[in-house]
Amino acid sequence: MTKPTVVIVDPYSSGNLLAAGLRAAGFSIVGVLTSNPPPEVYRASFFPDVLDEYFFGETVTPDLVSRLHETTPVAVLAGAEPGVELADLLAAELTPHLANTPALGSARRHKGHMVEGVAAQGLRTIRTVATDDPEEVGKWLDRESLTGCDLVVKPAKSVGADGVTFVRGGTEWRRAFDDLIGATNRLGARNEQVVVQERVVGVEYVVNTFTFDGEHAVTDIACYRKVLRGESAAGSAAIYESVRFLPCAAPGNETLVAYTRDVLDALGIRFGPAHTELMLTEDGPVLIETGARIAGGGMPESARLATGDNAIGRLARYLRGDRRQRLDYHLRRSVIVVFLLPPSRGRIRNTRTYEAIRELPSCDLLHVNVRDGDLVGAESNLFASLDYGFAVLVHDDPAQTEADYARIRCIEKAIEVDGDSSDPVIGRRGDPG
Ligand SMILES: Nc1ncnc2c1ncn2[C@@H]1O[C@H](COP(=O)(O)OP(=O)(O)OP(=O)(O)O)[C@@H](O)[C@H]1O
Ligand SMILES: [Mg+2]
């Protein structure tokens, strides 16, 4: 019997896990790459070996559709963020019963249109303007009485916190805006528009989901901790400090899940994995963004350690005909992903110090990506923060993972960094979301 085929557009980052997982589950995988070669930031996470074949295609063309049609795909999915729009369009052509609402395609990718789409359904959103015209930002700030307030300036379409800049009120936004507009982002695309938003304050969560047959099943919920780094005249950036997986029914999660499901409906997400980032503020949850794709940065692997399952497993079972899926999950073990954060800026000296992390009772995995002599501490986005490395702590007892988390931050205090340097950080293995 021939294997059923799944098409994955931009099978990088966790899209590679998606391809490998579906392949192991007995599917044949056809890749579509929206740029040739793949963007630099994804090269390390692109493994052509997990694909049965792949094509290049930036947009829907009769030729691409007809080639993919010949493979009789059972589903078309995005592997990584740049593939979201094309995956949606191809799914509408090739597997319309398993496709997101075509008219809302831009709301699933462009952060300004996303906010508009969510607000149009009466849901709470962050006050946002998306434009290429700084005059418009000035007028919007006046209209919203946001002049002088803390703001976030970011490209309308990007990943990995690339260009996401926190600025104080007043006029600082203008420098960040000018730096971004028209610039080439880390995905190799030009920033056609820039988003300026009020900066919301709260605790940040991610709700990962798998949508099928009109239901949004929650596969895992995690709490993000981030720190502000790279303070400069143009503003600062928030980078990952740790990610904690939570029980599905943890206090407060009900509100996050209800809001997320409303957001997914508002964005026309009808099939497949999605990754929604929220800020829980004093007034309740508010959307940072939804990725109409699997969570990046290897998060499905950590979710599997925590829950025994993930969106890839659910998708594979659904495509094999299992329609009786649970809409929540059971947290089996406590999992914390801890990102290494060298304490100051300069050349790192004693990276062997990190090896002590391996001895911690809950340490499941340690990746140290820095070597003695590397420049550290000027990171301004996720690409850089992931470059240092991370530890995955896994244990039945949450008290143990918390104790080991605290221990890692102590171990890190012994890291020595020589002097200051204005050289850029050498990025090595960043795998953005
Ligand atoms: N308006 C805002 N108010 C407060 N924090 C924000 C705001 N916008 C973004 N952030 C913070 O910056 C982070 C990155 O922003 P965003 O998710 O929009 O960019 P991204 O490039 O998609 O990043 P990633 O790939 O890490 O998700 C968010 O996860 C959040 O911590
Ligand atoms: Mg994000």
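A residue counts as near a molecule or strand when one of its heavy atoms lies within 4 Å of it. This is a predicted model, in which local features need pLDDT of at least 70 and side-chain atom pairs count only at pLDDT 80 or more, while totals for chains, interfaces and linings use all residues. Residues are numbered from 1 along each chain as its sequence is written, chains are lettered from A and ligands numbered from 1 in the order in which they are written, and side-chain values use heavy atoms, with hydrogens and water left out.

**View 1. The residues around ligand 1.** The shell around ligand 1 holds 23 residues, of which G160, A161, E204, K226 and E289 come nearest. Sorted by class, this shell has eleven nonpolar, three polar and nine charged residues, where Ala, Val, Leu, Ile, Met, Phe, Trp, Tyr, Cys and Pro count as nonpolar, Asp, Glu, Lys and Arg as charged, and the others, Gly among them, as polar.

**View 2. Polar atoms beside ligand 1.** An oxygen atom of ligand 1 lies 2.6 Å from an N or O atom in the side chain of K226. One nitrogen atom of the ligand is 2.9 Å from an N or O atom in the side chain of Q197, and a nitrogen atom of ligand 1 is 3.0 Å from a polar backbone atom of V200. Of the 600 Å² of accessible area that ligand 1 has on its own, the protein covers 97%, with areas taken from the Shrake-Rupley method with a 1.4 Å probe.

**View 3. Helix 8 and the residue after it.** The buried residues of helix 8 (residues 299-307) are M299, P300, S302, A303, A306 and T307. Seen down the axis of helix 8, they fall within an arc of 160 degrees, so they line one face of the helix. Helix 8 is followed by G308, whose phi is positive, near 80 degrees.

Terms used: A polar contact is a pair of N or O atoms within 3.5 Å; within protein, one must be able to donate a hydrogen and the other to accept it, and residues adjacent in sequence count only if both atoms are side-chain atoms. Buried means under 20% relative accessible area, exposed over 50%, partly exposed in between (1.4 Å probe, protein chains only). Helices (H or I, at least four residues) and strands (E, at least two) are DSSP runs, numbered from the N terminus. The arc is that of the directions from the helix axis to the C-beta atoms.
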